[in-house]
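Subject: Structure handover

Hi there,

Here is the structure I promised to pass on to you. Please open it alongside this email, and then read on for what turned up in it.

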Amino acid sequence: MKVSDLGRKNLAFRLARGGLALRISPFTVRIRSGISEVADGIATCYADYELLPDGAFIDFHIRLDPPSGLRRWFRPQVVFHFDSAQPFYPLPYEQAFPFLEWGLNWCIAQTTLQFVVVHSAVVERGGDAVILPGPAGTGKSTLCAGLVMAGWRLLSDELALIDARTGLVTPVPRPISLKNESIDVIRIAYPDAILGPVAPHTRKGRLAHLRPPADSVARAGERARLRWIVIPHYVPDSQAAFSPCPKGPAFMRLAGDAFNYAGLGEFAFQDLVQTVDRCECLNFQYGRIDEAAISFDRTLMGHS
Amino acid sequence: MLTKVLADIQSITGFDESQWDVVVRQARSAVLLSRLASLTKAAGLLPVIPEGPRRHLESAARAGAAHGLSVRRETLLLLESMRGVAPLLLLKGAAYEFAGLPTAEGRLFGDLDILVPRDKLEEVESVLMRAGWVTTSHNDYDQRYYRRWMHELPPLQQISRGTILDVHHAISPPTGRIRADSKAMMDSAVPVDKVDGLYVLAPVDMLLHSATHLFQEGELDHGLRDLVDIDGLLRHYGARPGFWDQLVPRAQEVGLARPLFYALRYAAMILDTPIRQGVMSAAKVGAPTRPTQALMDFLYVRALRPNHPTSSDGWTPVARWILYVRAHWLRMPLPLLAYHLTRKALVKSDRQVEAPVGQPDERPAREA
Amino acid sequence: MWEGSGVVFDRRTGDTHLVSAPSQVVLAILRDSPLGATDAELGRRLGGMVSPEDEEQVLEAVREALIELQRIRLVEQLEGD
């Protein structure tokens, strides 16, 4: 049974009461919230995701609710609970759904230390995966959205879970976050794209989430071999172009974008060396999303 | 449920998914998930655990291993800085790691703890400052509080690596009601194998310090983890000849008979730690009066549970608070206690500052 | 090590460094030489690995490598070197 099979009212009810247990492959998540924006976001962006039966082991028990106390009535806030902990300071109430996404990213990064987890988008075509590393603001999510709408399979828009021993990436397909102009760009270029609620005033501006293609969600169990590391550079009005990136600097870049690199010390170092060794490292400059997608198909797929 | 698992790891075979769900959550909140991973690995049980919980244990195992390497590294860097000034005597987690104790595996902790003689304190402080260790307390009250009432300096932080260091100059607060003979314990310190200049307390003293730390301090957030340490120390050193015989006499000698009594009592009660025949009754010299003992049982049995809603009853928060107050009572005279607690309460509420709008800011976690 | 540059993990401090290829080689040689090595020795051994175009160029590369490695404290200069 999927989320879309529950009526909107039923969804909100379950979310507020015992919580909604979903498979967000490869994880199982139980979300509890009385906040309507959260229900809206889940109904739109997580429509294709499978519901779990009672008694299943749950990886992340998450709750999003206003803090208790007088603050409820004046400039309301929302708190993210990961089991009995509150790892973050509260955020403004209308950012509840993005908070769910950010919080979930954090939960995943903290509990999958056996993987190299890189802050990057991951897409796949023809059995080979590409990661697009970069912190927020470098355009990786927009590029990722463009590639996915052009038919690349989405493995993740934020977190690459790389198994250093096998070189395989584990998919965690989830809604793709888009900011400001990107929202408009994607809406115009892909009128069929389904977007969740827009949070108006986050620190990064307007924020919305794109529903992942049903196919990507359905194939979440299929891991892919990591073949390329492509560092995206958005330069307005430029021609799409790939150029080689020496592996040493690529490594340092990835280390900076890897969660828990410092904490895992030498383990992370060895894993990342193995990973970079196996991949082709490239820089990618682009100015238009549609051109970027074509360039990817031609250059990367042409290689195989 | 977690305590039963820690007392008998075999009990996990046959757990269903919902039981695993509870155990993992309790373990994570008690900072014992890595420890649980070590125990399951050592018992060869990892393959039989269902995939969901097993992945969490594997991740926690890696965290534990990386942590161990990082502790070693930090300690050796500290040793470089302190060479020639004072011997480096390790306490708690770092000591367990260098003493090669099984209980060190999977034990996560945030701070390094070291013990220096009181007369070397100023010299050590200045050497550390030159090596980039700066104080984390810029508040005069805290500085005075730590130096006068506590047995340690306010925590220091390494400026480039971020590591936190607690410099102790006594085993327990020198002005407290329970006065340990820190000098005697320091004098009996033993060198660490193959590392010149590094020391740990003698086995019996290590156990006594662990007991004092748990049963005199107010910070019970890691109570169960600290009890697991005590259990580990008793099991490991208990196999050494002379350990059990020396335990009670040494405790009396250094003034720590009361914490020893509690340590033995609660380790046996909660974690089924085997205590040598006769030692428990000998340890009764440190026992409190019967009414106090009954009260302490009530408080500690609750306070030493994992700090998680699935293992608390209505009394648990109260129990913790009472023990927190007791710890301060043990540390200071009464009129000052009231002032200190009031101040602490006020300062805490000042800290409810708003985070800037936008991406969530992580709360700083002490001893994650 | 990859073409042109390499990465090194310093076990002593936990730091990761990006180093030039010659530095990577010099470091490897020094690791195998418990008593250390002089500039000239390093030049000889490095020259032996690449085509010995210009002895002076190789020696220059060695000196630059040593400067880089000393700066990140992976090697230290002993008296009389």
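This is a predicted model: local features need pLDDT of at least 70, side-chain atom pairs count only at pLDDT 80 or more; totals for chains, interfaces and linings use all residues.

Five strands of chain A form an open sheet in the order 1-2-3-4-5, and the pairing is mixed. Its edges are strand 1 (20-24) and strand 5 (91-92) of chain A, each of which pairs on one side only.

If you want a pair to click on, A21(A) has R30(A) in strand 2 of chain A as its bridge partner. The loop between strand 1 and strand 2 of chain A holds P26(A). Do look at the peptide bond there: S25(A) and P26(A) are joined by a cis peptide bond, with omega at about 0°.

What lies across this sheet? Helix 3 (residues 96-111) of chain A lies across strand 1, strand 2, strand 3 (60-65), strand 4 (77-82) and strand 5 of chain A. Relative to strand 4 of chain A, helix 3 of chain A runs at about 25°.

Helix 3 of chain A also has a helix partner. The axes of helix 2 (residues 36-45) of chain A and helix 3 of chain A come within 7 Å and cross at roughly 65°. On the helix 2 side of chain A, the residues are E37(A), V38(A), G41(A), I42(A) and C45(A), and they meet A96(A), F97(A) and L100(A) in helix 3 of chain A. Sorted by class, this contact has six nonpolar residues, one polar and one charged.

One more backbone point in chain A may interest you. N180(A) has a phi near 45°, a positive value in a residue other than glycine. You will find N180(A) in the loop between strand 11 (176-179) and helix 5 (181-189) of chain A.

Now to chain B, which has an open sheet of seven strands in the order 3-4-5-2-1-7-6, with mixed pairing. Strand 3 (133-135) and strand 6 (190-191) of chain B are the edge strands, each pairing on one side only. Within this sheet, strand 1 (residues 88-91) and strand 2 (residues 111-115) of chain B run antiparallel and are joined by three bridges. L90(B) has I114(B) in strand 2 of chain B as its bridge partner. Helix 6 (residues 121-130) of chain B lies across strand 3, strand 4 (156-158) and strand 5 (164-168) of chain B, and runs at about 165° to strand 5 of chain B.

Chains A and B meet through a pair of helices, too. Helix 8 of chain A packs with helix 4 (residues 51-82) of chain B at an angle of about 110°, with the axes 6 Å apart. Angles of 65 to 115 degrees count as roughly perpendicular, so helix 8 of chain A and helix 4 of chain B are roughly perpendicular to each other. G263(A), L264(A), F267(A) and D271(A) come from helix 8 of chain A, while R62(B), A65(B), A66(B) and L69(B) come from helix 4 of chain B. By class, that contact has five nonpolar residues, one polar and two charged.

Chain C has a helix pair as well. Helix 1 (residues 21-32) and helix 3 (residues 55-71) of chain C pack at an angle of about 80°, with their axes 9 Å apart. That angle makes helix 1 of chain C roughly perpendicular to helix 3 of chain C. Here P22(C), S23(C), V26(C), L27(C) and L30(C) of helix 1 of chain C meet A61(C), A65(C), L66(C), E68(C) and L69(C) of helix 3 of chain C. The residues of this contact divide into eight nonpolar, one polar and one charged.

Finally, the cavities. How many cavities of 30 Å³ or more are there? The count comes to seven, and the largest cavity has a volume of about 90 Å³. Its lining has 15 residues, of which F115(A), V116(A), V117(A), F259(A) and L264(A) lie nearest the centre. Strand 6 (116-125) and helix 8 (261-278) of chain A each supply at least two lining residues, and helix 8 of chain A gives the most, with five. The lining of the largest cavity divides into eleven nonpolar, two polar and two charged residues.

How values were computed: Residues are numbered from 1 along each chain as its sequence is written. Chains are lettered from A and ligands numbered from 1 in the order in which they are written. Side-chain values use heavy atoms; hydrogens and water are left out. On a 1 Å grid over the protein atoms alone, a cavity is a set of points where a 1.4 Å probe fits but cannot get out, and a pocket is an open set with protein on both sides within 12 Å along at least five of seven lines; lining residues have an atom within 4 Å of a point. Grid points are joined across faces, edges and corners, and a volume is the space filled by probe spheres set on the points. Helices (H or I, at least four residues) and strands (E, at least two) are DSSP runs, numbered from the N terminus. Ala, Val, Leu, Ile, Met, Phe, Trp, Tyr, Cys and Pro count as nonpolar, Asp, Glu, Lys and Arg as charged, and the others, Gly among them, as polar. Two strands pair if DSSP finds at least two bridges between them. Contact means heavy atoms within 4.5 Å. Axes are lines fitted to C-alpha atoms, for helices over the stretch in contact, and angles run from 0 to 180 degrees between N-to-C directions. Angles under 35 degrees count as roughly parallel, over 145 as roughly antiparallel, 65 to 115 as roughly perpendicular and the rest as oblique.
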